[in-house]
Amino acid sequence: MQPVLADAAEAVVLTAFPLPVRIGMKILLKKSKSIIKGMPSGVLVSIVVHVVAFLLAGLLGVFTITQKEGKKFVPPTPVERPKMRLRKPKVKVKKTAKPKPTTRIVTKVNRASMPDIQLPEMSGMQDGIGGGIGGFDMMPALEKVSVFGSGRTIGNDFVGTFYDFKRDRRGRTGIMDPDKFTHELKEFVRNGWKPSSIARYYRSPKKLYATTFAIPPILSSVAPAAFDEADTVGYCWMAHYKGQLVHKDGITFRFWGMGDDIMVIRVDGKLVLNACWPGDTEGAIAHDWHSTSSDSRKYRLGNNDAVIGDWITLEPGVPQNMEVMIGEVPGGVFCAMLVVEEKGVEYEKNSQSGPVLPIFKTTEPSLDLIEAIHGDLVPGEACVTNGPVFRDYAFRKSEKPKKENPPAPQEVASKASMSGDPEVRTWTLAKGRALE
């Protein structure tokens with residue numbers, strides 16, 4: 001019975017389990033045949049049942065264990081974007097197109113011949129019309145006249161150059177303060193007024209031509225605007241004027257001046273006036289010069305007391321180089337007044353009991369310039385129209401005047417005076433020519 005049961009158990013194992021298990025169980029049953037012999041059939045059946053149950057449990061508990069796979073990132077399906085097809089613009093060009101030939105109409109014009117007109121030579125033009133007979137001066141038309149000068153020269157004027165010390169030579173904004181500005185002007189004066197010493201600062205390309213320096217108190221921003229630099233703030237700027245000082249008949253005189261904040265003048269390379277604002281500015285720029293007059297800083301001119309300069313003597317027709325420096329330090333109000341006191345001349349007194357001196361000028365001021373000066377000038381401080389004119393139309397630089405007494409004008413009677421008609425008079429000029 002036991003072998004039969006063993007064979008039956010082996011048959012169950014061989015049929016109930018997979019191939020690997022069956023091979024293992026078959027080996028196990030062969031080794032245990034010797035053990036099974038003599039064992040009761042019930043025990044054997046029980047062992048087979050337990051073995052089968054154990055194997056089934058092992059299959060369910062061991063061989064069914066699986067590991068969960070990790071989550072894998074699956075990228076989304078790409079979105080297909082429609083592509084725009086660019087088309088090149090097509091321009092039709094006619095290769096055979098040619099410009100139409102231009103036609104000119106040529107005509108002959110018979111120009112009328114103008115008769116030759118000869119005007120009489122006016123030998124007394126330099127002396128007569130400008131200062132005597134007509135009482136007017138023949139001047140060229142000027143453009144936009146201001147108290148800082150005109151944009152066009154008349155020959156006997158001072159050429160002005162504007163400098164902005166807040167910018168470099170290329171126009172870029174830099175760092176500048178009043179103390180540094182006055183120090184730069186001091187070095188400019190010490191180095192002989194050479195433009196190269198301040199070449200690193202901005203210089204306006206526009207020039208102005210001044211025939212006088214009579215600038216009553218005005219806003220300091222007017223000066224940059226006069227040089228076409230309206231965007232420049234009105235502080236730490238300087239204007240340098242250069243010209244020639246000459247008088248036809250010879251003269252001994254001295255300047256009276258007032259600058260707010262800067263006015264320094266030199267003639268023939270020598271300082272003759274330092275009329276800067278009293279205090280630090282006056283001492284910082286030209287501290288080596290001092291007025292020798294007891295009336296200096298006594299009478300009002302502009303917006304402070306006038307400084308009296310040194311006496312200057314000009315030979316007839318002999319020019320001397322003259323330079324004028326004006327400028328503004330902190331901004332606000334600006335003033336530059338320059339008047340002339342001629343030696344031996346008595347002047348009208350003003351309300352301060354001081355003399356009413358004429359302004360310095362190289363020609364008679366135009367009506368526009370007179371109005372511009374009088375617009376801000378305090379009445380009685382200076383005279384705009386009278387006084388000497390520093391010019392010389394009769395003599396050249398290398399010539400010396402000829403001392404001769406011209407004959408007195410001879411009045412010649414005409415037939416018109418005998419007939420009762422309006423009388424015609426004839427003047428005989430210096431060189432013997434007659435002028436009716």
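**Salt bridges and confidence in a predicted model**

Trainee: How many salt bridges does this predicted model hold?

Mentor: The structure is a predicted model. A salt bridge is taken as a side-chain nitrogen of Lys or Arg within 4 Å of a carboxyl oxygen of Asp or Glu. By this rule the count of salt bridges comes to 13.

Trainee: Which parts of the chain does the salt bridge of Glu323 and Arg266 tie together, and how many residues apart are they in sequence?

Mentor: The side chains of Glu323 and Arg266 meet in a salt bridge, at 2.7 Å from N to O. Glu323 belongs to strand β12 (residues 320-328) and Arg266 to strand β7 (residues 262-267), so the pair ties together parts whose separation in sequence is 57 residues.

Trainee: Is Glu323 buried or exposed?

Mentor: Buried means under 20% relative accessible area. Glu323 has 10% relative accessibility, so Glu323 counts as buried.

Trainee: Is Arg266 buried or exposed?

Mentor: The cut-off for buried is again under 20% relative accessible area. Arg266 has 15% relative accessibility, and therefore Arg266 counts as buried.

Trainee: Where do Arg297 and Glu282 lie, and how many residues apart in sequence are the parts that they tie together?

Mentor: Arg297 forms a salt bridge with Glu282, and the closest N and O atoms are 3.4 Å apart. Arg297 lies in the loop between α8 (280-285) and β9 (300-301), while Glu282 lies in helix α8, so the parts tied together are apart in sequence by 15 residues.

Trainee: What does Arg297 count as, given its relative accessibility?

Mentor: Partly exposed covers the range between buried, under 20%, and exposed, over 50%. At 24% relative accessibility, Arg297 therefore counts as partly exposed.

Trainee: How many residues apart in sequence are the parts that Arg391 and Glu364 tie together?

Mentor: A salt bridge joins the side chains of Arg391 and Glu364, at 2.9 Å from N to O. Arg391 is in the loop between β15 (382-383) and α10 (415-419), and Glu364 is in the loop between β14 (357-358) and α9 (367-374), so the sequence separation of these parts is 27 residues.

Trainee: What pLDDT does the protein chain average?

Mentor: Of the residues, 61% score at least 70. The protein chain averages a pLDDT of 78.

Trainee: How many contacts beyond near neighbours in sequence does the stretch of residues 394-404 have?

Mentor: Over residues 394-404 the pLDDT is below 50. Beyond near neighbours in sequence, the contacts of this stretch in the model number 10.

Key. Residues numbered from 1 in each chain as written. Predicted model: local features only at pLDDT ≥ 70, side-chain atom pairs only at ≥ 80, totals over all residues. Heavy atoms only, no water. Helix = DSSP H or I, 4+ residues; strand = E, 2+ residues; numbered from the N terminus. Buried < 20%, exposed > 50% of the residue type's maximum accessible area, 1.4 Å probe, protein only. pLDDT = per-residue confidence, 0-100. Contact = heavy atoms within 4.5 Å.
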